[in-house]
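The sequence and structure come first.

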Amino acid sequence: MYGCVTRYGKYVCQILSEPGFKMSATGLVLARGGSKGIKNKNIVLLNSRPLLLRCLQVMHEAGCFSSIWVSTDDEKIAECAKNGGAKVHHRAKYTAVDEASSLCAVQEFLQHHTEISIVCVVQCTSPFLQARYLHKGMEKIQSGYDSVFSVTRRHLLRWSEGELTYPQNFNPRHRPQRQDWVGELYENGMFYFCKVNLVHQGLLQGGRCGYIEVPLCESLDIDSPFDIIVAQTWINYCQQEERQHSL
C-alpha cells in the first residue's frame with residue numbers, strides 16, 4: 001500500500017508492501033483541461049482542496065496500485081498531479097477534444113505503456129471516492145473478474161420518451177413501494193477496473209463483469225456549480241455531525 005505524508009503542501013508517497021494482492025494494477029485519472037460546465041473542473045476547489053488532489057490521496061491510500069498516472073493536456077493539472085504524487089502522461093490532442101471518449105484516451109495511454117495488464121480508470125470529479133471501494137474492486141479482479149466498476153442503487157420509475165409514454169420498469173397497477181423494491185443498479189462513473197485485453201477490443205466492461213455498490217450519498221459527480229454546492233454542503237453537514245458526536 002502507499003504511505004502518504006504532507007510536505008510543503010505536496011503529497012510525498014512511499015510504496016509499502018501490500019501482501020494481499022498478487023496482481024498489480026495501474027491507476028489512471030483522465031483529466032483534460034477543456035472541460036465543459038466548470039472551467040478546469042478537475043482542479044476546482046472543494047473544501048479548500050483541488051478535486052484531483054482529493055482523488056489521488058484516496059488512490060494512494062487504497063494500496064492496490066503499482067503506479068498512479070494522470071493523463072492530461074493541461075499544465076496546471078499536470079502540476080497538481082505531480083504535487084499529488086502521480087506520474088503525468090501528456091495525452092495526445094485528439095484524445096482531449098469534446099468528441100473523444102474515455103476509451104479513446106485509455107487506449108492512447110496504453111499505447112505508451114505496453115507493460116500494463118490491468119488498468120483502473122478513476123474519475124476525480126467523484127469527490128466522495130473511498131479507498132475501500134477501490135480495494136474491493138481490486139479484490140474482485142484478483143478473484144477472477146475481467147472488469148469491475150462502481151454502481152449506485154436507485155429507486156426510480158422509468159417511462160419511455162415520445163408523444164405517448166409507457167412504463168419501462170414497473171406496472172402502474174402495482175406501483176412498487178420503496179421499502180418493498182430493491183431498486184436498480186446504475187453506473188456512477190467513479191471507477192472502472194479492466195484487464196487490458198478488453199481495452200484492446202474496444203471495451204472497458206466485458207468478460208466476467210463485477211460491480212462495487214456505492215451508497216447514493218457518496219456517488220455525486222461534480223459537473224456543474226450546483227454539484228459543488230451540494231458536495232460542500234454535505235461535507236459541512238458530516239463535519240458538524242462528527243463534532244457533535246465527539247462532544
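How many cavities of 30 Å³ or more does the structure hold? The structure holds one. The model is predicted, so local features need pLDDT of at least 70 and side-chain atom pairs count only at pLDDT 80 or more, while totals for chains, interfaces and linings use all residues. Residues are numbered from 1 along each chain as its sequence is written, and side-chain values use heavy atoms, with hydrogens and water left out.

**Cavity and pockets**

On a 1 Å grid over the protein atoms alone, a cavity is a set of points where a 1.4 Å probe fits but cannot get out, and a pocket is an open set with protein on both sides within 12 Å along at least five of seven lines; lining residues have an atom within 4 Å of a point. Grid points are joined across faces, edges and corners, and a volume is the space filled by probe spheres set on the points.

The largest cavity holds about 40 Å³ of space. Its lining consists of Leu51, Arg54, Cys55, Val58, Cys124, Ser126, Pro127 and Leu129. By class, six of the lining residues are nonpolar, one is polar and one is charged (Ala, Val, Leu, Ile, Met, Phe, Trp, Tyr, Cys and Pro count as nonpolar, Asp, Glu, Lys and Arg as charged, and the others, Gly among them, as polar).

The largest pocket has a volume of about 540 Å³. Of its 25 lining residues, Leu30, Arg32, Lys41, Ser102 and Gln123 are the closest to the centre. Strand 8 and strand 10 are the elements that give two or more residues to this lining (helices, H or I with at least four residues, and strands, E with at least two, are DSSP runs numbered from the N terminus).

The second largest pocket holds about 400 Å³. Its lining has 17 residues, and those nearest its centre are Arg54, Pro127, Phe128, Gln130 and Ile235. Here the elements giving two or more residues are helix 1 and helix 6. Helix 6 supplies the largest share of this lining, five residues.

**Cores**

A nonpolar core is a set of buried Ala, Val, Leu, Ile, Met, Phe, Trp, Tyr and Cys residues joined through side-chain atoms within 4.5 Å. Buried means under 20% relative accessible area, exposed over 50%, and partly exposed in between (1.4 Å probe, protein chains only).

The largest nonpolar core has 38 residues, and Val29, Leu52, Leu134, Phe191 and Phe193 have the most contacts inside it. Two or more residues each come from strand 3 (25-30), helix 1 (51-62), strand 6 (65-72), helix 2 (75-83), strand 8 (118-122), helix 4 (131-142) and strand 10 (184-195). Helix 1 gives the largest share of this core, seven residues. Another core lies apart from it and has 15 residues, including Leu30, Cys194, Val199 and Leu204.

Helix 1 has twelve residues and reaches 17 Å from its first C-alpha to its last, close to the 16 Å expected at 1.5 Å a residue (the expected span is 1.5 Å times one less than the number of residues). Ten of its twelve residues are buried, among them Leu51, Arg54, Cys55 and Val58. Glycine 63 follows helix 1 and has a positive phi, near 70°.

Helix 6 (residues 225-246) has 22 residues and spans 32 Å from its first C-alpha to its last, close to the expected 32 Å. Asp227, Ile228, Ala231 and Ile235 are buried in helix 6. Seen down the axis of helix 6, the buried residues fall within an arc of 100°, so they line one face of the helix; the arc is that of the directions from the helix axis to the C-beta atoms. Pro225, Phe226, Ile229 and Arg243 are exposed residues on the face turned away from the buried side.

Most residues other than glycine have a negative phi. Asparagine 40 has a positive phi, near 50°. Asparagine 40 lies in the loop between strand 3 and strand 4 (45-46) and is buried, with a relative accessible area of 14%. Asparagine 47 also has a positive phi, of about 55°. Asparagine 47 lies in the loop between strand 4 and strand 5 (49-50) and is partly exposed, at 29% relative accessible area.
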